[in-house]
Amino acid sequence: MLQYKIDVIKELSRVGINTTTAKKSGIFGQDTMRKFRIGDTKISLEVLNRLCAVLEMQPRDILKYVETDEDREKIISKICEKSIDNHTNV
């Protein structure tokens, strides 16, 4: 699961961007600003690119990966199952 390492709204405010300026400039839409506010990391790579440019940060400065039980069940277990299937079919 991806999580923000920073308070995105606070960092945007630090560089002079609030919801109004983001919307007027077209840099971030209202929905994107809402996602930043509630900590929703389901953003596009284009939005992440803009965020990096505006904040002068790298993606690793903004986001971090924290493994969850859901990740293990939905993602990692599928990789393990596929690997086992490939080995039994050989």
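The model is predicted, so local features need pLDDT of at least 70, side-chain atom pairs count only at pLDDT 80 or more, and totals for chains, interfaces and linings use all residues. Residues are numbered from 1 along each chain as its sequence is written, and side-chain values use heavy atoms, without hydrogens or water. Helices are DSSP runs (H or I, at least four residues), numbered from the N terminus.

**Buried residues**

- Met 33 lies in helix α3, residues 30-38.
- Met 33 is buried, at 2% relative accessible area. Buried means under 20%, exposed over 50%, and partly exposed in between (1.4 Å probe, protein chains only).
- Beyond its neighbours within four places in sequence, Met 33 contacts Ile 9, Leu 12, Asn 18, Thr 19, Ala 22 and Phe 28. Contact means heavy atoms within 4.5 Å.
- Met 33 and Thr 20 are 13 residues apart along the chain, and their C-alpha atoms are separated by 9.9 Å.
- Glu 11 sits in helix α1, residues 8-14. Glu 11 also counts as buried, at 17% relative accessibility.
- Leaving out residues up to four places away in sequence, Glu 11 touches Ile 6, Leu 55 and Met 57.

**Nonpolar surface patch**

- Leu 2, Tyr 65, Ile 75, Ile 76 and Ile 79 make a nonpolar surface patch of about 480 Å².
- Patch residues have over 30% relative accessible area and no salt bridge; nonpolar side chains (Val, Leu, Ile, Met, Phe, Trp, Tyr) are joined within 5 Å, like charges within 9 Å. Areas come from the Shrake-Rupley method with a 1.4 Å probe; for residues, only the protein chains shown count as cover.
- Helix α6, residues 69-88, gives the most to this patch, with three residues.
- Ile 79 is in helix α6 and counts as exposed, at 56% relative accessibility.

**Salt bridges**

- Side chains of opposite charge can pair when their charged atoms come close.
- A salt bridge here is a side-chain nitrogen of Lys or Arg within 4 Å of a carboxyl oxygen of Asp or Glu. The count comes to six.
- Arg 34 and Asp 31 meet in a salt bridge at 2.8 Å, N to O. They are three residues apart in helix α3, so about one helical turn separates them.
- Lys 74 pairs with Glu 70, with the closest N and O atoms 3.1 Å apart. Lys 74 is exposed at 52%, whereas Glu 70 is partly exposed at 48%.
- Arg 72 bridges to Glu 67, with the closest N and O atoms 2.6 Å apart. Glu 67, Asp 69 and Arg 72 are linked in a network of salt bridges.

How values were computed
Helix = DSSP H or I, 4+ residues; strand = E, 2+ residues; numbered from the N terminus.
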